[in-house]
Each structure stands twice: as structure tokens, then as C-alpha cells.
Amino acid sequence: MTSFTKSMLKLIRNSAIAMTLATGVSPALAHDDAYLDTLKSENGGQLRMAGIYHFELVMVKDSKNTKDNQLMVYVTDHAGTKIPSAGASATATILNGKVKTTATLVADGDNRLKGMAKYASDANIKVVLAVSMPGKSVEQARFTPFAAAKDEHKH
């Protein structure tokens, strides 16, 4: 490695450090789950980040009994720009205590993926979402879509 190359690498590294310090935000922490939970999502679902994507999971909020219910996932980039879902697919694994349900989601126009699964709108539900966008690696995100409702009922 030449001294010029070493100098350029050092300059790039120092510039990146300076930018991070100047903004006061760590790039790795900019979109953590706690931050995403403070944002109002476009479709009323819970937002999560995975790779270059934001996934918004929307589930039926008022299903008291376990039955077939719809679930939708909206795909955007970090700036909120819609990413077309054509050719994409996803699997949602819904966990509620010891009960595990799996749903297959398919492209549903625009930036949506849609599927059906048996679930009730329970505050303890956890969802593991695996999304395959065309030509990309599978991205995975974890959701607690009804946890806010659980927190609101604490006294």
C-alpha cells in the first residue's frame, strides 16, 4: 500500500468519525426498534428495519378470538419511499405463548405483501418476518405488534 493510499484511507476514516460526532447520532442506533416505535406509521402498523428496508406490519387489531385474519407488510426504504413488492414474498411466523402459526405473504401491488393467518389480537404476540425481495438476500425483522396495547393497560 502506498503512502498516498494510506493517507487517503486515514482521511476517509477521520471524516467519517467527524461526521458521526458532529451529528451526535450513531449510524447503527439511528433506527433501532425503540426509535421506530415512536414514529407514526403510514398504515397504522409497527415499523421495523432490516437491511436497506423498513417493513411495516399491519395486523387486525380487534380480533378477540383466534380465526383467519389478514396481515399486510408495507415495504419502504429508510426515507419512506415505497419499494415495489412485485416478485417479492415473505413468511410470517406468529408466536403466541406455545402456539406457533406460519403465514405466507405474496405481492399485492404497489409496496404491499399480503397473507392470512389464524391469530387473535393478543398483546403477547411476537412475529418473525422473513422477506425475499427480488434478487436480494432474505431480510428478517421481529415485531411485537400489539405490545403498545399491553403497555397502555398497565396501572
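This is a predicted model: local features need pLDDT of at least 70, side-chain atom pairs count only at pLDDT 80 or more; totals for chains, interfaces and linings use all residues.

Residues are numbered from 1 along each chain as its sequence is written, and side-chain values use heavy atoms, with hydrogens and water left out.

How many salt bridges does the structure hold? There are three; the term means a side-chain nitrogen of Lys or Arg within 4 Å of a carboxyl oxygen of Asp or Glu.

Select Asp 68 and Lys 118. Their closest N and O atoms are 3.7 Å apart. The pair links distant parts of the chain, with Asp 68 in strand 3 (residues 67–76) and Lys 118 in strand 6 (residues 112–119), 50 residues apart. Strands are DSSP runs of E, at least two residues, numbered from the N terminus. Asp 68 is partly exposed at 47% relative accessible area, and Lys 118 is partly exposed at 46%; partly exposed lies between buried (under 20%) and exposed (over 50%), using a 1.4 Å probe and protein chains only.

Next, select Lys 82 and Asp 110. This salt bridge has its closest N and O atoms 3.2 Å apart. Lys 82 lies in the loop between strand 3 and strand 4 (89–96), and Asp 110 in the loop between strand 5 (99–107) and strand 6, so the pair ties together parts 28 residues apart in sequence.

Last, select Arg 112 and Asp 108. Their side chains meet in a salt bridge at 3.3 Å, N to O. Arg 112 is partly exposed at 23% relative accessibility, as is Asp 108 at 27%.

Notes:
Helices (H or I, at least four residues) and strands (E, at least two) are DSSP runs, numbered from the N terminus.
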